[in-house]
Amino acid sequence: MGNHADRTTGQTPGRDFTAASRDALVESLLSAGPGRPTLCEGWQTEHLAAHIVLRESSPLVAGLVLRPLARTLERKTMELGAASSSPPAYQQLVDRVASGPQPPARLRQNPQASRLTKTIQGSTAARRAAQATNLLEFFVHTEDVRRAQDRWAPRHLADDYANALFTEFGRRVRMMYRSEPTGVVLARSTGQRLVARPTGKDEETRTVSGPAGELVLHAFGRRDHALVLLD
């Protein structure tokens with residue numbers, strides 16, 4: 001697979017890490033092509049791309065947290081993916097992933113409103129909101145594509161990018177490990193540690209060690225594919 005490490009390995013002060021992660025996801029989707037496997041059960045590459053598009057453009061995204069809508073969201077994901085399985089349709093779908101969420105057409109056609117929208121989207125607050133929403137999502141789905149292919153190698157992530165992943169990850173790590181039967185400590189290869197699940201009375205503690213990206217993958221359920229050490 002093509003390696004998109006150039007956008008996520010170079011050191012660039014003030015980088016928009018979410019944009020870099022989106023670029024890496026797009027590159028992985030294009031490199032794999034339509035009809036290729038992913039680590040997401042039941043999804044091929046076109047379904048994963050459809051998931052991203054619907055997540056950013058459809059009110060059905062509420063199905064990610066509201067069980068009554070989950071089945072409808074999954075059906076729409078499969079339908080959009082199936083409709084995008086040919087190379088031209090797949091390219092169009094991935095182009096939508098690359099473009100990201102777009103304002104309504106009536107705003108895009110108004111030059112003043114369009115300029116205001118771009119200013120807001122480029123603001124520090126908007127970038128922070130996007131990072132909280134998309135940074136980990138895009139990183140994990142990039143690896144969902146890459147690691148499902150026959151030949152892949154782990155990316156070397158720049159320190160600033162890995163730090164951004166680890167910082168965002170740390171804000172939600174306890175929620176992600178709350179159902180574990182033991183205490184869990186995450187030990188980053190740089191020496192940082194996170195208590196993912198506090199150890200209760202008479203419980204054991206398990207330590208998961210690895211680089212920031214691999215710890216993220218472990219937390220997101222890609223445990224058979226995350227390059228970590230368990231102690």
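Which residue takes a positive phi just after H2? Gly33 does, at about 85°. The model is predicted; local features need pLDDT of at least 70, side-chain atom pairs count only at pLDDT 80 or more, and totals for chains, interfaces and linings use all residues. Residues are numbered from 1 along each chain as its sequence is written, and side-chain values use heavy atoms, with hydrogens and water left out.

The protein chain has a mean pLDDT of 85, and 78% of its residues reach 70 or more. Here pLDDT is the predictor's confidence in each residue, from 0 to 100. Over residues 1-13, pLDDT stays under 50, and the model has 34 contacts beyond four places in sequence for them. Over residues 116-127, pLDDT also stays under 50, with 10 such contacts. A contact means heavy atoms within 4.5 Å. Where pLDDT is low, the predicted coordinates should not be read in detail.

The secondary structure of the protein chain comprises 11 helices and four strands. These are DSSP runs numbered from the N terminus: H or I of at least four residues for helices, E of at least two for strands. Of the 231 residues, 44% count as buried (under 20% relative accessible area with a 1.4 Å probe, protein chains only; exposed is over 50%, partly exposed in between). Among contacts between residues at least 6 apart in sequence, 58% join residues at least 24 apart.

Helix H2 covers residues 17-32. Its 16 residues should span 22 Å at 1.5 Å a residue, and the end C-alpha atoms are 23 Å apart, which agrees. The expected span is 1.5 Å times one less than the number of residues. Asp16 caps the N-terminal end of H2, with a side-chain oxygen 3.2 Å from the backbone nitrogen of Thr18. Buried residues of H2 include Phe17, Thr18, Ala20, Ser21, Ala24 and Leu25.

Helix H3 (residues 45-57) has 13 residues. Its first and last C-alpha atoms are 19 Å apart, close to the expected 18 Å. H3 is mostly covered, with 12 of its 13 residues buried. Among them are His47, His51, Arg55 and Glu56.

The whole structure holds three aromatic pairs. Rings of Phe, Tyr and Trp (its six-membered ring) pair if their centres lie within 6.5 Å; planes under 30 degrees apart count as stacked, over 60 as edge-to-face and the rest as tilted. Phe17 and Tyr161 have ring centres 6.1 Å apart and planes at 55°, so the pair is tilted. The pair links distant parts of the chain: Phe17 lies in H2 and Tyr161 in helix H9 (residues 159-170), 144 residues apart. Both Phe17 and Tyr161 are buried. Together with Phe139, they form one aromatic cluster. Elsewhere, the charged end of Arg188 sits over the ring of Phe166, 5.1 Å from its centre. This requires NZ of Lys or CZ of Arg within 6 Å of the ring centre and within 35 degrees of the ring normal.

Glu214 is placed in helix H11 (residues 212-219). Glu214 is buried, with a relative accessible area of 8%. Its side chain joins that of Arg147 in a polar contact of 2.7 Å. Such a contact is a pair of N or O atoms within 3.5 Å; within protein, one must be able to donate a hydrogen and the other to accept it, and residues adjacent in sequence count only if both atoms are side-chain atoms. A polar atom of the Glu214 side chain also lies 2.8 Å from the backbone nitrogen of Leu227. Beyond four places in sequence, Glu214 is in contact with residues including Pro154, His225 and Val228.
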